[in-house]
Amino acid sequence: MRFRELWDEIAPVGRDAGSGGYLRYALTAPELRLREWFRAQADSRGMPVSEDGNGNLFAWWGDPAAGGAVLTGSHFDSVPHGGAYDGPLGIVSAFLAVDELRAAGVTPVRPVVVAAFVEEEGARFGVPCLGSRLLTGAIDADRAAGLRDAAGVSLAEALGHRPAGADPALLGRFAAFVELHVEQGRALVDADAPVAVGSAIWPHGRWRFELRGEGNHAGTTRMADRRDPMLTFAFTVLAANKEARLRDAHATVGRVAVEPNATNAIPSTVTGWLDARAAAPETLDGLVEAVRAKAAERARRDGTELTVTRESATPLVAFDGGLADRLAGLLAAPVVPTGAGHDAGVLAAHLPTAMLFVRNPTGVSHSPAESATDDDCAAGVVALARVLEELACH
């Protein structure tokens, strides 16, 4: 099977032998290897590759100077110990969809462009969908240039130059964007369908909760004398869980930094990152405010100080309804929403955008348990090829 042959070329890159998950952080050695693989795949197909100065790669089937191009693709980078399919499936499928159309003797009347966006997960520099945000101007280039990873390396240093920022001329060449992605849930398992069309992305964001107390000795400081930010943090995590459940929303604290991070020391500072998502903007706003208020009240009781900083926020994204309906009819596929963010959510503010989802039998994502069968992936390639033919070849 052609899918398996191509998939096996990238499957070992960045895989951690212990967890079985992937460590493909943006612009690190594993992701750079995949970017070289991207260039090699494009070259083997006679598709010239351009870079926008922000780390995003574009492989062109058709004249890059022509307008009305149909953009597809996804990203290579992963969350820590993430799954194999989140991101790379969309790029592999895009190249194979081009192969399908060529094998059928189809020639596009508008360019087809395969993209590899940089730092979609935000796992290295902290801002998700960073490449697409830079391209569209959703983040200032100077701010992005100064973003640093855990080792203190800036985005500008990792790129080798200051990011170029918004590129209206390039963006103006695209008439539509279709991103294929592994499903990050079980809707397609329940629907018994291999492929679906996306309807919307829930509004979501990341908030940094910084809690400062007084570092002290664990063995000599009386319980009554402590100003322990870990207590405030623990309460905040439980409050986030409760408030999300009350609103039928999602709240996750999956990252924490503790100083001095010593077993026999009361922490001086605890910083946690809240990932919050909801079906409606007002629900999301209410959730975050409720968590902040409860954390602030607990901080007063604990004698600690709280600072809350919004690091990123993405509004409700309703994909182009006419395009989604058109593709759902073309593919006879169900239409489903998602709570996960994607580059498609950023680009949707600038051009007609749609998403295709490939069934994930486990329903698990951002984990080594994320999966998809070869047959379903092949069905995704066929579906994407039909979509590209519909949008670029007629």
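How many disulfides does the structure hold? The structure holds zero, counting a disulfide as a pair of cysteine sulfur atoms within 2.5 Å. This is a predicted model, in which local features need pLDDT of at least 70 and side-chain atom pairs count only at pLDDT 80 or more, while totals for chains, interfaces and linings use all residues. Residues are numbered from 1 along each chain as its sequence is written, and side-chain values use heavy atoms, with hydrogens and water left out.

**Cysteines**
- Cys-377 is buried at a relative accessible area of 0%; buried means under 20%, exposed over 50% and partly exposed in between, with a 1.4 Å probe and protein chains only.
- Cys-393 also counts as buried, at 11% relative accessibility.

**Helix 3**
- Helix 3 covers residues 88-103; helices (H or I, at least four residues) and strands (E, at least two) are DSSP runs numbered from the N terminus.
- Most of helix 3 is covered, with 12 of its 16 residues buried, including Ile-91, Phe-95 and Leu-101.
- After helix 3 comes Gly-105, with a positive phi near 75°.

**Strands 6 and 14**
- Strand 6 (residues 195-201) pairs with strand 14 in the parallel sense over three bridges; pairing takes at least two DSSP bridges between the strands.
- Gly-198 stands opposite Val-336 of strand 14.

**Cavities**
- There are two cavities of 30 Å³ or more; a cavity is a set of points on a 1 Å grid over the protein atoms alone where a 1.4 Å probe fits but cannot get out, and lining residues have an atom within 4 Å of a point.
- The largest cavity holds about 50 Å³ of space, volume being the space filled by probe spheres set on the points, which are joined across faces, edges and corners.
- Strand 11 (269-277) gives the most to that lining, with three residues, and helix 9 (229-246) supplies at least two.
- The largest cavity's lining has six nonpolar, two polar and no charged residues; Ala, Val, Leu, Ile, Met, Phe, Trp, Tyr, Cys and Pro count as nonpolar, Asp, Glu, Lys and Arg as charged, and the others, Gly among them, as polar.
- The second largest cavity, about 30 Å³, has one nonpolar, four polar and three charged lining residues, among them Asp-77, Glu-121 and His-366.

Definitions and conventions: The expected span of a helix is 1.5 Å times one less than its number of residues. On a 1 Å grid over the protein atoms alone, a cavity is a set of points where a 1.4 Å probe fits but cannot get out, and a pocket is an open set with protein on both sides within 12 Å along at least five of seven lines; lining residues have an atom within 4 Å of a point.
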